[in-house]
Amino acid sequence: MAYLVLEDGSVYEGEGFGATRTDVIGEVVFNTGMTGYQEILTDPSCYGQIVLMTYPLIGNYGVNWEDPESLRPQVKAFAVRELCEVPSNWHSEGSLNDYLKRHGIMGIQGIDTRALTRKLRSRGTMRGMLSERMPAPGSLAAMRSYTAVRPVDAVTCAERFEIPGKGPTVAVLDLGLKASILSSLRARGCRLLVYPAHTPAQEILRDEPGGLVLTNGPGNPNENPEIIENLRSLAGRLPIFGICLGHQLLALACGADTQPLRYGHRGSNHPVKDLDRDRVYITSQNHGYTIVEETLPANMRISHRNWNDQTIEGIRYEDHPTFTVQFHPEASPGPKDTGYLFDEFIGSLTVSNKISGNANRMN
Amino acid sequence: MPLNSNIKKVLVIGSGPIVIGQAAEFDYAGTQACRALREEGIKVVLVNSNPATIMTDPDIADYVYMEPLCPDSIRSIIRRERPDSLLPTLGGQTGLNLAMELHESGVLAEYGVRMLGTPAESIRRAEDREAFKQTMEEIGEPCIDSVIVHEIDTALEFAARAGYPVIVRPAYTLGGEGGGIAGDDIELARICADGLRYSRVGQCLIEKSVAGFKEIEYEAIRDAKGNCITVCNMENVDPVGIHTGDSIVVAPSQTLRDAEHQMLRASAVNIISALKIEGGCNIQFALDTDSARYYVIEVNPRLSRSSALASKATGYPIAKVATRIAVGYALDEIVNSVTGKTYASFEPTLDYVVVKFPRWPFDKFTTAEKTLGSRMKATGEVMSIGANFESAFLKAVRSLELGLWSLEFRDALKTSDEELERLLHWQSDERIFVVTEALRRGVSPRHIYDITRIDQWYLYKLQNIVRTEESVKAAGKSYLTAQNLRRMKRMGFADRAIAAWCGIAEKDVRDMRRRMGILPTFKMVDTCGAEFDAVSPYYYSTYDTENEANPAPGRSVVVLGSGPIRIGQGVEFDYCSVHSVWALKEAGYETVIINNNPETVSTDFDTSDRLYFEPLTPEDVGNVLDLERPVGVVVQFGGQTAIKLAQAVEEMGYTILGTPLADIDAAEDRKQFDALVERLGILRPQGGTVFTAEEALELARRLGYPVLVRPSYVLGGQGMQIAHSDADICEFMAVINRYGRQDHPILVDKYLSGKEIEVDAISDGEDILIPGIMEHIERSGVHSGDSISVYPAFSLSRRLQDTIVETTRRLSIALHVRGMINIQYIVSNDELYIIEVNPRSSRTVPYISKVTGVPMVALATRCALGEGLRAMGYGTGLVPARDLFAVKVPVFSFEKLPDLEVSLGPEMKSTGEVLGLSRDYSEAVLKGLLAAVMRIPDSGDILLSVQDNDKQDLLPLAEDLAALGYNLYATAGTAHVLNHGYVAASLVGRFSEPSPNLADMIRGGHVRLIINTATKGRDRRRDGFRIRRMAVEYKIPCLTSLDTARALIQSLKLNRTRTEITPLGLHELTQTPRGTQ
């Protein structure tokens, strides 16, 4: 037996799997992707979360060494309708159950995941607790006071590293990066310099990269004041491409505000309109906050919108060669329809080398 | 982009009759399209020869033409109606081919008709093998090594280079017709010759076989702006090599990693973009099972069976969206009607598993070749939804109505281990049950995978089911703890199966569950995995904690649907179910449909107020009734499927609206019925009921041969035969009892030769209304569904008509009919005999409703609700015949079913029907035959070979044919009689005689028509059988009844005297009935 308890006191009874743990507390979020559970589990943006899959059959194709987005599962716990014990795929190197056991992650199965999703949809994201025993009455208070402390610090790399490449040099500020951001850039020939999240701007600029990528990452964007401050010094100094948390932090650095979404956008089927191209693309999403439209300064133009709820999905900075998106062009999991943004970014690098003097002056 | 305002009037071409490979899915797609067009204020001109469809209803389109689907007739309609546009991609391959022909021949340009949606050039590039291959090469999408051939030699050269096996795929055919897998030169030569003949352009693709790869399909949509989405992907449980229409299909894919799914999805988007599709498109891939290698197998630039399935599996209305795109909208402008808030430019996500299971006709066609391959054989399909694979699979198995309640398949149970191993290699309709039996006996999933290439993921799931079955069987009733029972119900086991294993009654299991609180919960299909609040009331059952369907009790009426399309129960019953729902809505009730056929309009999310996608079994239906607590249940429109549930519905304490259960039984039960007709003084052929062959022999001898033998409580005359001798009786009884477990007796009746008359009547219990009397062209002995049926009756005396009306009235009132009744009569020696009564709607109701203008289903539904006919404004008694003739002609799918006897008899064989409509009788017949693709060129050879009894009757027909200028050829006996009757006919040698003989003649390509009546059709070694089968293979019309031949010849004569056929639209028949009797 295992129990998933929400902060509103509702209890979902199921069967435990993975590691045996007690009282695992986290933010409970649902993801609507039908495939890609290993990518989701290992996405550092999911740090501190109890992730619930809306698709009922999870673990079908096992786990492998190719799909993870980071070295280990980042979630606090995993909730599914039905765990597949005997996976089948030519690529499979083991079962999901064993994988989670090995990494000390607890899971729960056999719960009515649709009922839980409907609850989160109507009540908004809640914190919850996963436990092998019926939680004590006092645990609700513990749950309600839970927040992930400095989650970015927990998932960023310990020190700068380099990935060689023949093409332009791109700096990557690791806020909790997904490996596929790096592979998307590498596939386009870039030489990559990856920096820990708190690297001062001057250190990055000293390496003279052609451009900067701000990655995805976990948590409330507002809780990163040092990084936001740092980004203020980087904005305009070189072409920047921000993804997810990177998109939010740059917006905060440049004067806009963010706010939490009721229950976030997590899945592989979200339509986003590229307003410049007048085209809708299907995107991979995984975020709980959004930029507040009313707070956008004049130099920030909305370039992309979520076509489901019209929230901001992309910003173009009119005064420097910088653009950021809320969704995940690196996909993994999800469609690669917006991979063109990486090309656009790489394109802006050569242009920016010529105009870097101008950019400096503008600042 | 908004609506293109230049579009005012659109021609929509339907897909014609139901045939194997093209079933009700196009009625669903077409109906959705017509509604979408009319919502935009666009006038719709609809052409479809199939009168059983909803799309041909006057409510659906502005101008409805039930006319032959051939270029000449469409051209006439275009000339009359002058539509500005044509929507080509909703009428299946038939509609698409026709549109392309009209485009290529310049007809569209001549009349200024533009093609909406996907441009003609895109269609050509997707359909034409050579152009397609070239396009795929240009965009770097991998195709299987292949060659396009126009002759057999090139195919053989390719195979020598690429190696066997190779697959033959003819261009422009439906359902993989004429294709196959060849393992050597001889096979290749044979299949390739077939393929070239079937292809409209005499072209075949010969490709290296990737049989055994996974088959994955994507349904993609693109708009003119270039926005692309994939609605759904689907994984075939059966590997590449078995036609997807004959495969068990699962949505979404289960065994693909995200990387693999995205690789194929990206390819699908790449392909649909390169082809510049504007609308829906189906892309099929072969994916290697141990690498990321994949190939594009096929692209269908139109709506297809798979898109209907994808629509129902996800809730995404593909046809509606494709239509909106065709008239100018972009995906980001079209609202998702399921959520009501979001747009069509997103990809549905599922939080359940969908299983599609094909429905094959082999329960009726016991002698047909059951091997599955690249040529589709299923007539229909069921779909089921579950929270896990096991429950979806078991629900699908129950929905098939094959008497299966679990994975225990009686034929497989008896098989030896060696035989079972051999059967695993045979790709047949029953293989999945062979697989489960092998799992039951401990064969490893790995071993089964090596043989079948069914992914082990599915095998482990099936093993899970089988192991649970075995546990409960071993432990019996003690197994039924709350925990085990809940687990079993979650896995989808039927109470009935559990009860049987534990040796208790089904009711005991149900009561036990209720005590333990193990009750079904209903979940919504909402396209978005519960991310958004949805407005679509479309549900499936699970055993979970939260129930989402909360209808107020006592407000709804439940209409039971008709399940999968099969021989004898086609789209016509869906027409009736949908119309009943509409009538109930009109009467102010909340409407509920329970059905499991993904191809139909009844399972469209906006047809009823609530849709439950469930098996049509007492338990599954009962679950919905317990939730709905309806005012009543309507069982008379869902064919035999729904009628069979009447007893269970009443036993569960729910009200049947319409004819009471006792009277339904009185009509179906032989003894009660005999007593009734005797009491009413109605004549019927002498007969009785038997259970065993001995009893049958005794009765047959007493009645005197020939006699009619048939099981009771079946549809489509299943198992019905005319026996001429003791030997026949023995043979037929063996076949009937092969179906096993005959709960109901077998009927043996004296066979009467005469005119067959059919009547559909509506009764309120006091009065009746007969919209029209139908007369069959073929004499009795041919199943009514296979006969050419003419409205109004053309040769009945006034006295007989009166007798028919009066008999129908007395019988309806005696049976307390409230709603529909269908009666079949024989007129023999000027006396009226009754041969069959069905206390329900029949297959003729849609066409009679349309041609008489009497909304029969609506009136019958109102009668079932308790209203009186007199108040309805259509009068009572026989409605005076309209000034027109409507000729319903059956259509067969013999070319899809090798080895099947073609000759018509009392057992139904047709899969669909077409209508010929005209003010003139002969023209109506001609149109009907044309629509049934019975096109006879003006000159050429005609082959005659008839049984002795028919030889004299053939003479005048042969004379007419000779006068029409045909060269007559005949087999010895027939030639002898003809020549003695002064009709010149050349002698053709039998198959066993040296060339030139029958085979050479048929292959020669000059034979336009074959008239062959069977002596004893079942013996497949005889020349007659071979002639008829060869006729099918060579696409030569073959008539097996002189009555049909007579009608055809009459229409051929007419055809010589006129230049063109005049279309007659339904809207031209609008005058209301002129008073009533």
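Let me begin with a term: two residues are in contact if their C-beta atoms, placed from the backbone, lie within 7 Å. What I am showing is a predicted model, in which local features need pLDDT of at least 70 and side-chain atom pairs count only at pLDDT 80 or more, while totals for chains, interfaces and linings use all residues. Residues are numbered from 1 along each chain as its sequence is written, and chains are lettered from A, with ligands numbered from 1, in the order in which they are written.

With contact defined, take Val10(B): leaving aside its neighbours within four places in sequence, this valine is in contact with Leu37(B), Ile42(B), Val44(B), Val45(B), Pro83(B), Ser85(B), Leu86(B), Leu87(B) and Leu116(B). Val10(B) also belongs to the largest nonpolar core, a set of 432 residues, in which Val172(A), Val10(B), Val12(B), Leu46(B), Leu560(B) and Leu968(B) touch the most other members. By nonpolar core I mean buried Ala, Val, Leu, Ile, Met, Phe, Trp, Tyr and Cys residues joined through C-beta atoms within 7 Å; a residue is buried if 20 or more other C-beta atoms lie within 10 Å of its own, exposed if 12 or fewer, and partly exposed in between, again with C-beta atoms placed from the backbone.

Which element gives this core its largest share? That is helix 21 of chain B, residues 571-586, with nine residues; helices (H or I, at least four residues) and strands (E, at least two) are DSSP runs, numbered from the N terminus. From chain A, the core draws at least three residues from each of domain 1 (2-144) and domain 2 (151-362), where the bounds come from an automatic or database domain assignment. A second, separate core has 17 residues, including Phe158(B), Ala182(B), Cys192(B) and Ile206(B).

Now to the backbone of chain B. The peptide bond from Tyr164(B) to Pro165(B) is cis, with omega near -5°, and Pro165(B) sits in the loop between helix 7 (152-162) and strand 7 (166-170). Another cis peptide bond joins Tyr705(B) and Pro706(B), with omega about -5°, and here the proline lies in the loop between helix 27 (693-703) and strand 25 (707-711).

Asp830(B), although not a glycine, has a positive phi of about 65°; this residue is found in the loop between strand 32 (819-828) and strand 33 (831-838). Is Asp830(B) buried or exposed? Asp830(B) counts as exposed, because it has 10 C-beta neighbours inside 10 Å.

Turning to chain A, the secondary structure comes to 10 helices and 19 strands, and of its 363 residues 60% count as buried. Along its principal axes the C-alpha trace spans about 65 × 45 × 40 Å. One buried residue is Asn224(A), so classed because 25 other C-beta atoms lie within 10 Å; it lies in the loop between strand 13 (211-214) and helix 8 (225-234). Beyond four places in sequence, Asn224(A) is in contact with Val152(A) and Leu249(A).

Finally, confidence: pLDDT is the predictor's confidence in each residue, from 0 to 100, and for chain A the mean is 93, with 96% of residues reaching 70 or more. Over residues 352-363 of chain A, however, pLDDT stays under 50, and the model has 15 contacts beyond four places in sequence for that stretch. Where pLDDT is low, the predicted coordinates should not be read in detail.
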